[in-house]
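Below are my notes on the model, as numbered points. Please read them with the structure open.

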Amino acid sequence: MKTLLKSLKYYALIPLIASIPGLALTLCGSFGMKASVVAVPLVTALIYILFRKKIDMNFSAKTNGIIFLALLVIFTGMMVVADGNVESLMMSYFSFLILPFFPIMIIMALTGEFMLLYAGALLSYLTAFIVSAFFAKISKKIYILPGIVGAICIAANIALYINSPTVKYAGHGFDYMHGYSSTDFTDYTVYADHSKLAGLDHKPSFMIENEDEMPVLDGAEACYPLYAAFAKALYKDIDQIETKYLDTDAAFTNGKIVTMTNTIYGFERLMDRDAEKFGKRVDMFFGARPSASQMEAAKENGVELDITPIGKEAFVFFVEEDNPIENLTSEQLKAIYHGDIKNWSELGGKDQEILAFQRPKNSGSQTMMEYFMGDVSLKAPQTYEKVDAMAGVIKEVAQYANEKGAIGYSFRYFLEELGQEEKVKMLSIDGVYPTLDNIEHGSYPLTTNVCLVTRKNELNPNVQKMIDFILSDDGQEIVRKTGYAGLAEYDQ
């Protein structure tokens, strides 16, 4: 009984005390949680150093060594079964084995930082073993077997985690602009110090000087650099106006006038639905043509929309750069995504399974894909499980991961101008490659319009003035300089 109580002190009591300072860090947000992974083991080491005369270091070294190895082996076994998914139900059971760390456990679990939690706990026991063994002056030979087992397990866990569905298929994993963007648009804001926004080498035909008369802009993620460039050109002192509002509630929509949410919320704001949730009503929305469900929602809300093409964009398919396939027909693409063609060898490529990735429902590219497929149904997308603190276990659409045999789709601007995917190549469709010239003149078969959506009978006269400017030579120059194809002369 004495030995058991003595062991519990090292297994439960000291880790509990060491994790209390880590609690303060986890409350500080994402950076604090990451810092606690180092802080908790350091506090553990400090406890052993300060109380080294009152601790049986020899017994502590053996106990913590056994605890660390046992937990590591169990953790590795669970990771193998869970396919490296630390957010799976299987891995959640591991939390019961590290219950002494519950001060930081609850917050990390609620925020989904499971890997940080598990790593912090294992490092704490490892730190306790190393410090105890040092003060106990235990022979270095004792480190050999645990070191080999530990190294193998750690290497296996890293490999499993990196290749787990939640890491591999979660897309870019880039939380930016309050979670609305997967791309770093720092240099594309109207107040950027090193602006990449397109501009004119002369003064535009008109300028909106009154802040209250500036139409509020929103749009699809890929269109942000475009409409921000229009605002930079036409809104007087827009950089100072937006800078002033950065630290206010307007920051939720990433600006007061030049805002950025996404396709779904942007349309909600254009229709002025649930304004309290989505922020100030939007006057001009930039993006791909609205989906059928979005048009129906507008009709149900009694909102009539004007849709004005302002440029051209290509819906593109891409594969890894060493895939020998250079061209696919529209019918072949439909057969791939319907599930009829499953191997690249059927198309003259390698004997390799086709991994056809899709995009999340209601995203701009998925809406375009549904238009492209027409009456041909899409096969069920590849998914992975993700644990959400509020919704529990949910399924997410697997994002393109540049695996061998993979194919994905997007808009050309994302690939060429923003470089969202690496080591990929765009395919020619029906023998035509998506160059800007082919897009502008309509020879590329999957050309779509970049649209400006407004409300009919808009009272703000500057909305129509902006539309006129965008369709003018100056406006089309900004469209082209941004990286989109302009409207061909016969379209105007």
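1. The largest cavity holds about 40 Å³ of space. It is lined by Glu211, Asp212, Met214, Val216, Lys256, Ile257 and Lys280. A search of the whole structure finds 1 cavity of 30 Å³ or more. On a 1 Å grid over the protein atoms alone, a cavity is a set of points where a 1.4 Å probe fits but cannot get out; a pocket is an open set with protein on both sides within 12 Å along at least five of seven lines; lining residues have an atom within 4 Å of a point. Grid points are joined across faces, edges and corners, and a volume is the space filled by probe spheres set on the points.

2. On the source: this is a predicted model, in which local features need pLDDT of at least 70 and side-chain atom pairs count only at pLDDT 80 or more, while totals for chains, interfaces and linings use all residues. Residues are numbered from 1 along each chain as its sequence is written, and side-chain values use heavy atoms, with hydrogens and water left out.

3. The second largest pocket has about 270 Å³ of space. Its lining counts 13 residues, and those closest to the centre are Met115, Ala119, Leu122, Ile154 and Asn157. Helix 3, helix 6 and helix 7 are the elements that each give two or more residues to this lining. Helix 6 supplies the largest share, 6 residues. Helices (H or I, at least four residues) and strands (E, at least two) are DSSP runs, numbered from the N terminus.

4. Helix 7 (residues 144-162) has 19 residues and reaches 27 Å from its first C-alpha to its last, close to the 27 Å expected at 1.5 Å a residue. The expected span is 1.5 Å times one less than the number of residues. Which residues of helix 7 are buried? They are Gly150, Cys153 and Asn157. These cover an arc of only 70° around the axis, which puts them on the same side of helix 7; the arc is that of the directions from the helix axis to the C-beta atoms. Helix 3 (57-81) is included in what covers them. The face turned away from the buried side carries the exposed residues Ile144, Ile152 and Ile162. Buried means under 20% relative accessible area, exposed over 50%, and partly exposed in between (1.4 Å probe, protein chains only).

5. Gly120 is found in helix 6 (residues 114-136) and counts as buried because its relative accessibility is 7%. Leaving aside neighbours within four places in sequence, Gly120 is in contact (heavy atoms within 4.5 Å) with Val37 and Pro41. Gly120 and Ser36 are 84 residues apart in sequence and 7.3 Å apart in space, C-alpha to C-alpha.

6. Ser181 lies in the loop between helix 8 (165-168) and strand 1 (217-219). Is Ser181 buried or exposed? Ser181 counts as buried, at 3% relative accessibility. A polar contact of 2.9 Å joins its side chain to that of Glu221. A polar atom of the Ser181 side chain also lies 2.8 Å from the backbone oxygen of Thr183. A polar contact is a pair of N or O atoms within 3.5 Å; within protein, one must be able to donate a hydrogen and the other to accept it, and residues adjacent in sequence count only if both atoms are side-chain atoms.

7. Asp430 sits in the loop between strand 10 (428-429) and helix 17 (436-440) and is partly exposed, with a relative accessible area of 38%. The side chains of Asp430 and Ser330 make a polar contact (2.8 Å).
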